[in-house]
Amino acid sequence: MRTLHGYLLRQVLASLVMTMLVFTFVLLVGSALRELLPLLVNGQASFAMVAKAFGLLIPFVFAFALPTAILTSTLLVFGRFSADQELTAARASGISLVSLAAPVLVLGLLLCGLSALINMQFAPTCRVAYNDLRADMRTALANFRLPEGQPVEFPGQTNGASYTVYARKNRNQNLQDVMILKIEQETNRTTIIAPGGRMEMDTNDQKLVLNLTNFDAQLPDGHSFSGAEWLVPIDLKASEKNAVGITDMTFQQLREQLKKSRVSAPIPLNTVQTADLKKRKLRLQKFAGDFSEPIRIQIHKQVAFSFACFGFTLIGIPLGIRVHRRETNIGILVAVALVLIYYTIQFIGQSLSSHAEYAPHLLMWMPNLVFQATGAVLLWRANRGI
């Protein structure tokens, strides 16, 4: 028995390492193509900064790759174990499937602890550091050349506007054929065109100053005017660097945020309860519940997702036996389908975040309950040979 347990554990661990590497690589490449590659191409980031960003993304990616990897590895290992008639031989020797799978189930529980540590602490912390580094890459644009022939957007200005700057040529901070779009409230747009200008950096205020010469400007109301010089200051500090969303908070930070979000009704409650006052009180109570519900959902999601490893292990063992195939692609397709089902259920719960009366935070646990219950039934049936 010990030999079989060691054999299955080695097979599962080897497959787990390989699938973890594959899924981590795929997720990292996807993030890099979407977020980091444009900054590198535009000269806004060096290779060292991109390498550091990759390192900070790894724990965040691990949070998603680990459950998927354990599901895929159990499907592959037990699928081959069944296809090679090894399971039949073990049963003929009087060994049940449950006793064979016991070490793998324990491994799934241990991975739940690792997943909890990643989900609730390391992944959010590294994600915040990654966002700060990415903001530094954008800010570092002032230390590099403004890229030629490519529009660069500077959102989140203190005046509520965003700037998009385009320069056809940039020769030692001397710009040629410059166009600037200043957008306020999405539809309020000012267009500035100039044949030349100069880019300067105000290091004290961290502002990028564009000095345009012989400009033509068109205002949002359709009027236009010209001039000899126009200074366009762009605040590089106005970014999302210090803003942390609830999806990037650790478990402890979420608990503290939940305490802050518990607001009380600022309506004087007199002894005489009029119908209008009662209606206002109920409306405010509902608003207070809806306001804190997204935080509550994120807390339950972090904890519930940490138990996904066990649910995936529990359902992966009997499904691998039922698939009864050696082909790797079949196991991966089944794993991807199950992961999509898991995330779909969680997505439905998150979409109800504005309806606290339905307690959508409890839906974060629904995928685990479904997978664990289904896996237990399938494992029981497979153990009995049904």
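I begin with Thr250, which is found in the loop that runs between strand E6 (224-235) and helix H5 (251-260). Please bear in mind that this is a predicted model.

Is Thr250 buried or exposed? Its relative accessibility is 7%, and because buried means under 20%, Thr250 counts as buried. Leaving aside residues up to four places away in sequence, Thr250 touches Met120, Gln121, Pro124, Thr125 and Gln302.

I turn now to the aromatic residues. A pair of aromatic rings is described by the distance of the centres and the angle of the planes. In this model the count comes to 13 aromatic pairs. One of the 13 pairs is formed by Tyr7 and Phe81; the pair is tilted, with 6.5 Å centre to centre and 40 degrees between the planes. Tyr7 belongs to helix H1 and Phe81 to helix H2 (residues 47-83), so this pair ties together parts that are 74 residues apart in sequence. With regard to accessibility, Tyr7 is partly exposed at 27%, whereas Phe81 is buried at 3%.

Which residues form one aromatic cluster? They are Phe60, Phe64, Phe305, Phe312, Tyr342, Tyr343 and Phe371. Phe60 also has a charged neighbour: Arg127 lies over the face of Phe60, at 4.7 Å from the ring centre.

Val22, Phe25, Val26 and Val29 make a nonpolar patch of about 360 Å². Of these residues, Val29 lies in helix H1 (residues 2-41), and with a relative accessible area of 30% it is partly exposed.

How values were computed. Residues are numbered from 1 along each chain as its sequence is written. This is a predicted model: local features need pLDDT of at least 70, side-chain atom pairs count only at pLDDT 80 or more; totals for chains, interfaces and linings use all residues. Side-chain values use heavy atoms; hydrogens and water are left out. Helices (H or I, at least four residues) and strands (E, at least two) are DSSP runs, numbered from the N terminus. Buried means under 20% relative accessible area, exposed over 50%, partly exposed in between (1.4 Å probe, protein chains only). Contact means heavy atoms within 4.5 Å. Patches are made of residues with over 30% relative accessible area and no salt bridge: like charges are joined within 9 Å, nonpolar side chains (Val, Leu, Ile, Met, Phe, Trp, Tyr) within 5 Å. Accessible areas come from the Shrake-Rupley method with a 1.4 Å probe; for residues, only the protein chains shown count as cover. A salt bridge is a side-chain nitrogen of Lys or Arg within 4 Å of a carboxyl oxygen of Asp or Glu. Rings of Phe, Tyr and Trp (its six-membered ring) pair if their centres lie within 6.5 Å; planes under 30 degrees apart count as stacked, over 60 as edge-to-face and the rest as tilted. A charge sits over a ring if NZ of Lys or CZ of Arg is within 6 Å of the ring centre and within 35 degrees of the ring normal.
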